[in-house]
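Please open the structure in a viewer and follow the selections below in order.

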Amino acid sequence: MSAQEATATAAADRAAAARLTAVRTRRNLFADGALAVASGAALLIVLAVLTVILFDTIRHGTPHLSLSFLTEAPREGMTEGGIFPAIIGMVEMVILMTLAGVPIGVATAIYLHEYASPVSPLTRAIRIAVANLAGVPSIVFGLFGLGFFVQFLGAGIDKAFFHSEKVFGQPALIWAALTMAVLTLPVVIVATEEALRTVPRELREASLALGATKFQTVFNVVVPQASAGILTGTILAVSRGAGEVAPILFTGAAYFLPRLPKGLSSQFMSPSYHVYVLSTQSPDVDATKPILYATVLVLLGLTFTLNIAAVVVRARMRRRAGVAA
Amino acid sequence: MIKANTAREHTNREYEGELRRLREQLLMMGAKVEDIISCSIRSLVDRDSALADQTIAADRKINQLEIDIDEHCMQILARRQPVASDLRFLTTALKLVTDLERMGDLGVNICERVLELNGEPPLKPYVDLPNMARDVQEMLHEALDAFVAADVERGQRIITRDKNIDAYYTQIFRELLTYMMEDPRNIFRATRLQSIAKYLERIGDHVTNVGELVVFMVKGKDIRHVGKLSDG
Amino acid sequence: MTANTDSEAKRPKLTVRELTVSYSGKKAVGPVGLDIVGQHVTALIGPSGCGKSTFLRSLNRMNELIPGCTIGGTVHLDGDPIYGPGIDPVAIRRRIGMVFQRSNPFPKTIKENVAYGLRIGGMKDAREIETRVERALVQSALWDEVKDRLNDSAMGLSGGQQQRLCIARALAVEPEVLLMDEPASALDPIATAHIEELINELSAEYTVVIVTHNMQQAARVADYTAFFYLGELVEFDRTDVLFTKPSNSRTEDYITGRFG
């Protein structure tokens with residue numbers, strides 16, 4: 001091959017390689033673009049659905065939303081008035097639920113993560129139980145609450161302390177709260193364990209190496225470090241608890257109450273149940289529709305706020321963990 | 001065959017190569033010194049002034065080697081931070097080079113005396129001096145072998161052989177004294193010959209140093225200045 | 001293998017005899033016999049996985065925290081046994097402190113970090129806590145840099161400062177022995193030099209045992225050096241002897257870089 005031929009061949013090779021690269025690049029760019037378009041479209045669909053729901057709700061609900069709506073009791077067969085008792089009922093129930101459920105959930109998670117041997121049958125049994133608990137349908141919780149709390153524990157308390165007068169042996173705030181606590185237990189346990197897991201082993205070692213006992217280490221170092229995660233779990237539990245209907249259906253929610261709940265044994269109203277009631281058992285559909293929308297709006301607003309709060313707390317926790325690492 | 005200090009090689013092959021090159025340089029320098037010794041005595045026996053001149057010029061290469069090897073050692077020390085046997089090898093090499101360079105200078109001194117002697121008829125047949133020179137040369141050869149082979153016994157034997165060299169010198173000096181006392185006209189040549197013997201004797205001392213270095217390098221025990229250290 | 005101690009026979013602070021460490025029945029380290037000399041620095045060197053860190057952690061009973069770990073043999077601190085039924089590991093860890101490879105300050109203030117060991121030990125007097133905190137920070141050469149911001153978060157300190165903070169934290173409880181597991185390996189050369197200088201100063205008062213994979217560091221810092229390999233103690237001697245004429249050919253091979 002002469003020098004000229006060699007040069008020509010080399011040039012031809014280079015041109016062919018350049019063309020191939022161009023084709024590959026175009027293909028890659030096309031694939032990149034297609035993926036961007038497809039995922040963008042999916043996002044738009046989700047946003048569209050959300051927007052439609054929100055828009056519809058806001059359009060129909062905002063006119064009726066007012067301070068009086070939030071502070072008045074329902075009147076005239078719930079065709080007028082507000083949802084104040086429902087809000088109060090929900091707040092009380094949620095507070096009780098948190099007081100009952102969060103300490104147990106946190107303690108369980110601490111036991112599972114810090115003290116339990118990972119291979120012991122007891123540990124495995126607890127983990128399986130928690131996982132199953134998370135999958136139980138909420139109506140089943142309602143039935144459980146009815147059967148165990150109301151009819152067994154409640155009746156037992158009545159027999160022991162109230163001469164079988166029906167005080168606790170019927171749907172009550174306390175039983176609804178405890179049922180909800182059981183329902184949200186997995187949420188708290190999982191979130192707490194996740195938070196405990198993010199505490200680096202080195203921090204525990206440092207504490208132990210200074211002569212701290214395991215309890216001191218957990219109490220002074222691990223739990224404070226994990227507190228953001230525990231808080232997230234609590235917020236998520238609250239958010240779930242505020243919105244669930246089925247568990248409180250048999251265990252404490254009331255269709256209508258003239259007065260606010262008096263004590264632990266009273267029934268209570270709840271916005272979520274109120275929505276159900278308004279949409280299925282209203283005497284005058286047209287009159288209650290605006291109230292319905294407004295109630296839904298309040299409920300949605302509450303849920304959104306709580307979830308966003310959880311996200312913010314988690315983000316701050318991650319940032320702090322990034323600094324600590 | 002150049003043997004490494006231990007059976008295993010350094011993980012870093014560049015380092016291993018640097019040490020090997022250092023050994024080769026040392027051996028080359030040693031060979032050149034042996035040459036100078038043998039040539040200087042030959043130029044005496046054969047009355048070959050041209051050879052004496054050549055030998056003096058050859059010393060320049062030895063001086064250059066001293067500088068090169070010192071530089072090489074410095075680089076290895078700086079870059080490799082040697083420890084244990086490597087460290088002992090390097091510090092020994094630095095001292096070895098000094099001794100070899102001094103031996104080269106002494107060889108030059110011999111040649112300078114030879115040039116002075118070759119202007120006159122020989123005083124006597126040279127018997128002892130060549131024997132002494134041959135012994136010294138063999139000692140040096142043996143010392144360098146011991147160094148490369150890291151052989152302690154051979155190193156220690158050299159130290160004892162130095163006694164023979166000292167004995168040679170004493171004998172030659174006595175004989176030259178008689179010549180000087182016989183006839184003052186012999187003094188010039190006799191003193192030159194005595195200087196040559198002295199130079200050879202000092203070369204022998206340097207070779208003894210090499211033997212001590214070999215012992216230190218292998219065993220880590222410093223056996224220099226035995227009996228000549230201060231107390232406390 | 002029992003160690004060859006210095007013939008000048010300085011008082012040993014820690015005596016280790018026939019120590020073995022096993023994980024789930026598999027022996028990882030030992031049997032090891034060793035005398036750690038008091039108020040001197042002892043370095044443990046060896047290739048990765050040779051067991052030097054495991055050995056170090058068995059001196060303050062930190063190995064027990066790993067499930068499945070069993071310890072055999074004895075360790076005595078000034079004649080008192082460290083292992084044994086009824087001997088509280090928590091009390092041992094107050095006498096034998098530890099500094100880790102990656103600095104691990106608590107996400108608390110600088111002052112609370114140093115005071116942590118004192119508080120969990122039951123100290124309540126605020127003034128005494130302050131005094132001890134200051135003394136610890138002075139000893140670890142950090143006081144001048146942080147004395148005006150004791151209530152700032154410890155996470156805002158640089159890597160070298162954090163490590164010195166961890167040293168101060170360990171010193172605050174006034175241990176007798178300080179164990180350091182590769183304390184400078186995560187630091188840049190200048191911060192490392194500070195830590196090494198600090199170790200020099202500390203050795204006047206404390207007994208220091210340091211694990212390092214950097215042989216030059218061991219040569220610079222330690223009075224005595226122990227070479228571990230494959231879970232065994234191969235050689236133990238004064239540092240200047242071990243690095244100029246080691247007795248064991250495996251030691252020689254390792255420190256000159258002749259390992260395969």
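Begin by selecting chain C, whose secondary structure comes to ten helices and ten strands; helices (H or I, at least four residues) and strands (E, at least two) are DSSP runs, numbered from the N terminus. This is a predicted model, in which local features need pLDDT of at least 70, side-chain atom pairs count only at pLDDT 80 or more, and totals for chains, interfaces and linings use all residues. Residues are numbered from 1 along each chain as its sequence is written, while chains are lettered from A and ligands numbered from 1 in the order in which they are written.

Keep chain C selected and consider its overall form. Along the principal axes, its C-alpha atoms fill a box of roughly 55 × 45 × 35 Å. Of the 260 residues in chain C, 48% are buried, that is, with 20 or more other C-beta atoms within 10 Å of their own, C-beta atoms being placed from the backbone.

Next, colour chain C by pLDDT, the predictor's confidence in each residue, from 0 to 100. The mean is 91, and 96% of the residues of chain C reach 70 or more. Then select residues 1-8 of chain C, where the pLDDT is below 50.

Now show chain B together with chain C. Their contact takes 15 residues from chain B and 14 residues from chain C, two residues being in contact if their C-beta atoms, placed from the backbone, lie within 7 Å. Select helix H3 (residues 84-117) of chain B: four residues, the largest share of the side of chain B that touches chain C, come from this helix.

Finally, for the complex, the predictor gives an ipTM of 0.89 and a pTM of 0.77.

Notes. Buried ≥ 20, exposed ≤ 12 C-beta atoms within 10 Å, placed from the backbone.
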